[in-house]
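Biologist: Please show me the model, and let us then discuss its details by question and answer.

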Amino acid sequence: MKKILIVEDDKNIAKALHVRMTAQGYEVATTFDAVMATTTARSYSPDLILLDISLPGGDGFVLADRFQEITNTANVPVIFITASKKPGLRQRAMEAGAADFFEKPFDSHQLIGAIDGLIH
Amino acid sequence: MTLSTAQQSSSDLICAELPSANHVRRILIIDDDPADRELYKHFLRADKSNTYEVEQSEFGQRAIDMNKSGDYDCILLDYYLTDIDGLKVLESLNENFTRSVPVIMLTGQGNETIAVEALRAGATDYLPKRHVSEESLKRSVNNAIEKSFLRNAVSQQTDRLKTKNRELTRKHDEIQRFYQTVSHELKTPLTSMKEFVSIILDGLAGPISEDQREYLELVYGSCLQMTNDVNDLLDVTRLETGKYSVELVPTDLISLLKCVKQNMSVISKDKSITLTLDIKDSVPKIPLDEQRIKQVLSNIIGNAIKFTQKGGKIHIVIELRKTQEELVCISVEDNGTGIEKEKLHSVFERLFQVNPESGFDTEVTSKAGLGLGLTISKELINLHGGSITVDSEFGKGSKFTVSLPLYWNNTET
């Protein structure tokens, strides 16, 4: 079973993603901040990471860099999710090596399509 | 910001003090010749229409020191002084005092160079010593005081306006930041609402009845509407503060348009509206912000669907046109409610909206959005160097045309 690591500080959205991904047949670990995400990444070895850009304790870009340094997550595709509409954010995410980029509120069917395309 | 504070601020601005007729004019005479000082004093006192209080000194430095304490209306300054020369005194007065006192420079006979220098250094007037008469002195002093009063009034006014302007800019920025925070904060609960509704609708929380499905679909629709509104709000604040930027990438406009048409046909089918696309020319790849152009086309086609009755028709045409420059034009024509002639010019204004049923209202009254869509679309197309135009006949339908330059050099922006 493919594994997804969710990094999302809003507990409700994290839960919705969890329900969605589990129903889609993925094994899911949910984390709510950068520290928790880093610790989990070390032990969990996910196949894909869903990463919120604005997080307590560090932004998603910094965290994505850290995932690159962790052996278990070094080459794992990262999908960025954000509620921000700052201009250039999508481009920045893509330049940071993102596998995809979604703005909140996202279309969950499109999101699943992207995930399935990457790791199914 | 309320109307009352705006009114108050404009009245704040009119408060420059007008000198009254019986105001005692305080004059400082700096001249190393005591006879000359007496003469000027005599001339001034001969003026029956004004009262003068005269102080005098033979030293230039005194002018600077005395001006610190005395609130003079005018200074008569001799160029040739025993301590420092008149121009130095002028410079020092200019540097050290915010409120400028008019200075009349008294120069030697025929020394035009000094006169010019004095005026450059900030003297209000100059009088050649030998020509000083009761009449010329009176006229020069009167003019100098009047001129200086006006100059001070203008500079005070300018300072007030600058302060007001800074204050308004700060408030404006604060409001913009507030909007951004609000929109951002709204999106998080909106996302979870929409997600859980969609989870239930997809049957992931167990079976639901037909009624439940119908109602949840309504909730879902409202979530989508709210998403659009929040995004529009953010876009408008960005566009207003000039913080909006487009990322131009060579794009295949025809496949983009096909994709938008495909998405919109889901909504048009619900109203049994026929949506057709006519590709008249092949279009080369042009630099576009794909997301933004999708947003604009969805907005225009969405409006057409909104304002067209069931069973109506919407026709989209994409073609090349050559005017002064080469353009690619996308027109969206419907046979819906149309827009009244007198309202046509304001469709791109903020908060303008036509009531989908009657076509009568110009204010936002229905649940059909914030009325920001076309304003945003227009700005976005402008950022691409293009334009949007509208043509409409009330009761017959509307035609919106987006024109984008084929070859656009955006270095000037």
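Biologist: Which residue in β10(B) stands opposite B:I318?

Modeller: This is a predicted model. Within it, β9(B), residues 313-322, is paired with β10(B), residues 326-334, in the antiparallel sense over 9 bridges. In that pairing, the residue opposite B:I318 is B:I330.

Biologist: Through how many residues does the hairpin join β9(B) to β10(B)?

Modeller: The two strands pair in the antiparallel sense. The hairpin that joins β9(B) to β10(B) passes through 3 residues.

Biologist: In which sense do strand β7 and strand β9 of chain B pair?

Modeller: B:T274 stands opposite B:K313 in β9(B). Strand β7 covers residues 274-279, and its pairing with β9 extends over 6 bridges. The sense of this pairing is parallel.

Biologist: Is B:S136 buried or exposed?

Modeller: B:S136 has its place in helix α6 of chain B. Its relative accessible area is 11%, and the cut-off for a buried residue is under 20%. B:S136 is therefore classed as buried.

Biologist: Which residue has its backbone oxygen 3.2 Å from a polar atom of the side chain of B:S136?

Modeller: Leaving aside residues up to four places away in sequence, B:S136 touches B:L127 and B:H131. The C-alpha atom of B:F43, 93 residues apart along the chain, is separated from that of B:S136 by 9.6 Å. The backbone oxygen at 3.2 Å from the side chain of B:S136 belongs to B:H131.

Biologist: What is the area buried between chain B and chain A?

Modeller: The contact takes 23 residues from chain B and 23 residues from chain A. On the side of chain B, B:T191, B:E195 and B:E247 lose the most area to chain A, together 23% of what that side buries. Carbon and sulfur atoms give 56% of the total, which is about 2,100 Å².

Biologist: Which residue of chain A forms a salt bridge with B:D202?

Modeller: Between chain B and chain A there are 7 residue pairs in polar contact, and the salt bridge count is 1. In the salt bridge of B:D202, the closest N and O atoms are 2.7 Å apart. The partner is A:R20.

Biologist: Which helix gives the largest share of the side of chain B that touches chain A?

Modeller: At least two residues each are supplied to that side by α6 (134-201), α7 (210-240) and α9 (290-306) of chain B. By class, the side has 5 nonpolar, 9 polar and 9 charged residues. The largest share, 11 residues, comes from α6(B).

Terms used. Residues are numbered from 1 along each chain as its sequence is written. Chains are lettered from A and ligands numbered from 1 in the order in which they are written. This is a predicted model: local features need pLDDT of at least 70, side-chain atom pairs count only at pLDDT 80 or more; totals for chains, interfaces and linings use all residues. Side-chain values use heavy atoms; hydrogens and water are left out. Contact means heavy atoms within 4.5 Å. Buried area is the accessible area (1.4 Å probe) that two parts lose on being put together, summed over both. A salt bridge is a side-chain nitrogen of Lys or Arg within 4 Å of a carboxyl oxygen of Asp or Glu. A polar contact is a pair of N or O atoms within 3.5 Å; within protein, one must be able to donate a hydrogen and the other to accept it, and residues adjacent in sequence count only if both atoms are side-chain atoms. Helices (H or I, at least four residues) and strands (E, at least two) are DSSP runs, numbered from the N terminus. Ala, Val, Leu, Ile, Met, Phe, Trp, Tyr, Cys and Pro count as nonpolar, Asp, Glu, Lys and Arg as charged, and the others, Gly among them, as polar. Buried means under 20% relative accessible area, exposed over 50%, partly exposed in between (1.4 Å probe, protein chains only). Two strands pair if DSSP finds at least two bridges between them.
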